[in-house]
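Grab a pencil and keep the viewer open.

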Amino acid sequence: MSAVGGDPAAVVFRAACPDCRARFELDAAAIRLAIGGSRRTTFYSFTCPECGAAVRKPAGERIVELLTGGGVRTLRLHQTV
């Protein structure tokens with residue numbers, strides 16, 4: 001995953017599908033970011049525009065930074081006590 005463009009309104013993200021191996025660009029509206037309490041529960045997801053597969057990939061600090069800076073909607077997961 002990498003961001004392309006400087007203006008947040010025009011940012012697109014390069015991504016790849018692990019199922020069909022297609023490479024493509026997605027805008028912020030096509031990606032969802034979930035931030036959990038651990039590395040296991042922090043991920044981004046999208047639907048492959050080529051094969052329709054639901055893709056979920058882990059998101060480290062740098063990916064979270066890129067996605068939030070590019071306007072991707074974020075869901076914060078909370079742990080119940």
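Helices (H or I, at least four residues) and strands (E, at least two) are DSSP runs, numbered from the N terminus.

You're looking at a predicted model, where local features need pLDDT of at least 70, side-chain atom pairs count only at pLDDT 80 or more, and totals for chains, interfaces and linings use all residues. Residues are numbered from 1 along each chain as its sequence is written, and side-chain values use heavy atoms, leaving out hydrogens and water.

**Exercise 1.** Work out which residues of helix 1 are buried.

*Solution.* Buried means under 20% relative accessible area, exposed over 50%, partly exposed in between (1.4 Å probe, protein chains only).
- Step 1: go through residues 61-69, and you'll find I63, V64 and L67 buried.
- Step 2: look down the axis of helix 1; the buried residues fall within an arc of 100° (taken from the directions from the axis to the C-beta atoms), so they line one face.
- Step 3: check the cover over the buried residues, which includes strand 2 (12-16), strand 4 (31-35) and strand 5 (43-47).

**Exercise 2.** Find out how strand 4 pairs with strand 5 and with strand 7.

*Solution.* Two strands pair if DSSP finds at least two bridges between them.
- Step 1: strands 4 and 5 pair antiparallel over four bridges, and A34 has F43 as its bridge partner.
- Step 2: strand 4 runs parallel to strand 7 (residues 73-76), with four bridges, and R32 stands opposite R73.
- Step 3: four of the five residues of strand 4 are buried, so strand 4 is largely enclosed by the rest of the structure.

Key: Contact means heavy atoms within 4.5 Å.
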